[in-house]
Amino acid sequence: MTTMPLAPVPKRLPLRSFILSELKPKAPFLTPFNLISIPVILLGIAVLVRRFIYGLGSITNLSQDHPWGLGIGFDVVTGVALAGGAYVLAFVVYVMRLEKYHPILRATVLNGLLAYIFYAGALVLDLGRPWHVINPIIGNSFGYNSVLFQVSWSFLLYMIVEMVELSPAFAEWLGWKKARRFLASLALGAVILGVTLSTLHQAGLGALFLMAKSKIHPLWYTEFIPILFFVSSIFAGLSMVILEGTLTHRLFGKQIDPKKHGSFDDLLLGLGKGTAIALFTYYFFKLLIFLHERQWDLLASKWGAWYLVEVFGFVLVPCVMFAYAVRHRRPGLLRVAAGVTLVGVLLNRLNISVIAYNWQLPVRYYPSWQEYVVTLTVLFTEIWVFRWIVLRLPILREAHELPYPRPLESPAGQS
Amino acid sequence: MNRRTFLKIGTAAGSTLVAGSASAKENGNPEEFVGVLVDTTRCIGCRACERACSVEHDLPVPDIENDNALAAVRPTSETQWTVVNRFATSKGDVFVKKQCMHCWQPACGAACLTNAMEKTRTGPVIWHPNKCMGCRFCMVSCPFDIPKFEFHSWNPKIQKCSMCYERLQQGLEPACVGSCPTDALTFGNKRDLMEIARLRIYHHPDRYVHKIYGESEVGGTGWLYLSAVPFEEIGFRTDLGTTTYPEYTRNFLYGVPLVLFGLPALQYGLHLLSDKKDEALEAKES
C-alpha cells in the first residue's frame with residue numbers, strides 16, 4: 001500500500017523465533033481498559049454458554065413480535081454503517097487519488113475488517129441455527145430472490161477484499177518483499193471491488209426492511225430506505241474515522257512519525273468537509289421524502305417529535321457543526337460533531353430495526369442486561385485484537401520506521 | 001422466482017394436458033394452488049380445528065372444553081399453528097380461525113436466503129428444517145405475523161401452519177378442514193373457492209359483507225375469508241394493499257447487477273480522470 005521502499009534488512013531473525021517473540025505481550029497488562037474488559041468478556045462467555053444450551057430466549061428479551069433486537073439492530077445494522085469509513089477512505093485514496101489521506105487508510109481498513117469479522121460473529125451468535133450459516137454459501141440452497149442473500153454474499157466478499165487491502169502490511173511485518181510487491185499491485189482492483197460491494201450491502205441492509213412495510217412507522221418506512229442507508233453509511237463511516245483516528249493517535253502515538261502529528265488535524269478537517277456534504281445530502285433526501293409522502297399530520301404525535309429529534313438534532317445540527325468547524329478550523333468542534341453524527345446514525349438504525357418497528361403494539365422491547373453484555377463482549381474482544389495487531393504490524397507506522405519489522409539481531413545502524 | 005418458475009411449468013403442463021385429452025382439462029391442472037375458504041358466519045367457535053391441528057402435528061393439544069382460551073384474542077404461537085378467536089362485533093360475537101394465509105407470493109419465501117421457506121407447487125408454504133439458519137427474516141417480513149420462533153430451544157424451529165402438506169400429498173384434506181362440524185372450512189383450488197364464495201354472497205347478499213378477504217390482499221392468498229361484518233372488526237388488517245410483498249424488494253434486487261457491473265467501470269473511469277501526473281504534463285506542454 002505504501003509507496004515507500006522497504007529499508008534494507010541485512011540480517012533478520014529466523015521466522016519461527018520472530019513469531020514467538022511477537023506473541024509476547026507488548027503493552028502493560030494492568031490498564032484500566034483491561035481491568036474493565038476482562039471481567040465483561042468472561043461474563044459474556046458465560047452468558048453465551050447459557051444461550052447455546054437454553055436458547056436465545058434465555059438471555060434476550062426477543063419475542064415473536066420483536067424477532068430482531070440489539071444483536072441485529074446495533075451489532076449488525078448500526079455496526080456495519082459505522083465501519084463504512086474503510087470503503088469511503090479507500091475510494092478517496094485509490095480512486096480519487098487524494099494521497100494526503102493515505103497515512104490513515106491502513107488503520108481505517110483494519111478497523112473496518114475487524115468490525116466486519118466481529119459483527120459477522122455477532123450475527124452468527126444471534127442466529128437460531130448457526131450451524132446452517134454455511135447453507136447460502138456452499139450452494140445447496142441459494143435464495144437468489146432474497147435481499148439477505150445478496151447482503152450476506154457482498155458482506156463475505158468484502159471481508160476478503162479488505163484482507164487483500166491489508167495484506168501488504170502483513171507481508172511487511174514478516175519481511176516478505178516479493179509477496180508484498182505482488183499484494184500491493186492488487187490494491188486498486190481490490191478497492192474498486194470493495195467500494196462496489198460496500199455500496200450493495202450498505203444499501204442492502206436498508207432493503208431488509210422493505211418488506212416490513214406494515215410494521216415500521218410511516219415516518220421511517222420509505223421505499224428509499226436502501227438509498228438513505230447508503231448515504232448515511234458515508235457520514236457514519238467518516239465520523240467514525242475522525243473519532244477513531246483521534247483515539248488511536250492518543251493511545252498509539254509512539255507508532256506514528258512525529259512529523260505527521262501536525263498535519264493530522266488538517267486531515268480530519270478535510271474529512272469533515274466531506275462529512276458535512278454527505279449529511280446535507282441525506283437531510284435533503286429526508287426532507288424530499290417527507291414532503292413527497294405528505295406526512296405533516298404524522299408530526300403531531302410523540303412519534304413525530306421523536307422523528308424531528310432525529311432529523312434536526314442529529315442530522316441538520318451536526319451538519320452545521322461540521323461546516324462551521326471546517327470553515328473556522330476548529331478540530332475540537334469537529335470531533336463533537338462526529339460524536340453527534342454517530343449518535344444520530346445509531347438512533348436512525350435502532351428506530352427502523354427496533355424502536356419504530358411494530359410501533360403499534362402495546363408491548364415494547366427493551367434489551368436484557370445479557371444482551372448488553374454480549375454486545376460489549378464482542379466490542380471489547382475486537383479492541384483487544386486491534387491493539388494486538390497495531391502493536392505489531394505496520395498499520396500506523398511506515399514499514400521502515402520504529403519499531404522494526406522482524407527486528408535485526410543487532411539493531412545498530414538504524415535510527 | 002418460485003412462483004414465476006411455477007407459472008411457466010404450469011402453463012407448459014396445462015398446454016400438454018389440453019393436447020392430451022379433454023377429460024384431463026375438465027379435471028383441471030393438477031398443480032393449481034389449493035387453499036381453504038373460511039366462512040366466519042358458520043363458525044361456532046368450538047375449536048375442534050385447533051385440536052385436530054395439534055394432534056396432526058404433534059403439538060401440545062389444547063384442552064378446548066376447559067381452558068377458557070376464547071376470553072382474549074390470541075396470536076398463533078410456536079406451539080399452536082392455528083387459533084380461533086372471538087370478536088365482539090356490531091352483529092354479535094364472531095369467531096375467526098387464524099393460521100398461515102399461504103400467500104401466492106409469500107414475503108417469507110422471498111425473505112429466506114436459504115430457500116428454507118418454500119412456496120410449493122401445490123400452494124402450501126412450508127419450512128425446511130435442514131436449510132433454515134434461524135435468522136428470523138421471515139418473521140420480520142410476514143405481513144400476517146405468522147412464522148413463530150422457538151426462543152427457548154437450543155435447536156429452535158420456525159413453527160407455522162403447513163396446510164398439512166404431507167396429507168395433501170396423500171390426497172387428503174388439511175386436518176382442520178376435516179374436523180370442522182359446521183362446514184365453515186372448505187378445501188379446494190382457489191378458482192373453485194372464489195366461485196363458491198361469490199355464490200354465497202350472491203344468494204345471501206344481506207348475510208355477508210361483499211368482500212372476500214384474501215382475493216387480492218398482498219397479491220392474493222391461499223386462504224380466503226367470508227364475513228358478516230367489515231373485516232377490521234374481526235382482527236384483519238385491511239391496509240396491507242394488493243401489491244405482492246416480494247414486489248417491494250424488486251427494484252432493489254434489479255439494481256444489484258447494475259451496481260455490480262456499472263460501479264467498477266465508473267470508478268475506474270474516475271481513477272483515470274484523477275491522474276495528477278497527466279495534469280502536470282499538460283501544464284508543462286502548454
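User: What should I know about numbering and the model before starting?
Analyst: Residues are numbered from 1 along each chain as its sequence is written, while chains are lettered from A and ligands numbered from 1 in the order in which they are written. This is a predicted model in which local features need pLDDT of at least 70 and side-chain atom pairs count only at pLDDT 80 or more, whereas totals for chains, interfaces and linings use all residues.

User: What is the mean pLDDT of chain A?
Analyst: The mean is 87, and 91% of the residues of chain A reach 70 or more. The term pLDDT stands for the predictor's confidence in each residue, from 0 to 100.

User: Where does pLDDT stay under 50 in chain A?
Analyst: That applies to residues 400-415 of chain A, for which the model has 23 contacts beyond four places in sequence. Two residues are in contact if their C-beta atoms, placed from the backbone, lie within 7 Å.

User: How many helices and strands does chain A have?
Analyst: Chain A has 14 helices and zero strands. Helices (H or I, at least four residues) and strands (E, at least two) are DSSP runs, numbered from the N terminus.

User: What about the dimensions of chain A?
Analyst: The C-alpha trace of chain A spans about 75 × 55 × 45 Å along its principal axes. Its radius of gyration is 22 Å, which agrees with the value near 22 Å for a compact globule of 415 residues. That radius is taken over C-alpha atoms, and the globule rule is 2.2 Å times the number of residues to the power 0.38.

User: Is Leu219(A) buried or exposed, and why?
Analyst: Leu219(A) counts as buried because it has 24 C-beta neighbours inside 10 Å. A residue is buried if 20 or more other C-beta atoms lie within 10 Å of its own, exposed if 12 or fewer, and partly exposed in between, with C-beta atoms placed from the backbone.

User: Where is Leu219(A) along the chain, and what does it touch?
Analyst: Leu219(A) is in the loop between helix H9 (187-207) and helix H10 (225-251) of chain A. Beyond its neighbours within four places in sequence, its contacts are Gln295(A), Leu298(A), Trp303(A), Gly304(A) and Tyr307(A).

User: Changing topic, how many residues does each chain bring to the contact between A and B?
Analyst: Chain B brings 49 residues and chain A brings 47 residues. On the side of chain B that touches chain A, H9(B) gives the most, with 13 residues. The residues of that side divide into 31 nonpolar, 11 polar and seven charged. Here Ala, Val, Leu, Ile, Met, Phe, Trp, Tyr, Cys and Pro count as nonpolar, Asp, Glu, Lys and Arg as charged, and the others, Gly among them, as polar.

User: Which residues does Ala111(B) touch?
Analyst: Not counting residues up to four places away in sequence, Ala111(B) touches Ser146(A), Leu148(A), Met211(A), Phe137(B), Cys138(B) and Ser141(B).

User: And how many helices and strands are in chain B?
Analyst: Chain B has 10 helices and nine strands. Buried residues make up 38% of its 286 residues.

User: Which residues of strand E9 in chain B lie on each side?
Analyst: In E9(B), residues 223-226, Trp223(B) and Tyr225(B) are on one side and Leu224(B) and Leu226(B) on the other, and all are buried. In a regular strand the side chains alternate between the two faces of the sheet.

User: How does E9(B) join strand E1 of chain B?
Analyst: Four bridges join E9(B) to E1(B), residues 34-39, and the two run parallel. Two strands pair if DSSP finds at least two bridges between them. Val36(B) has Trp223(B) as its bridge partner in E9(B).
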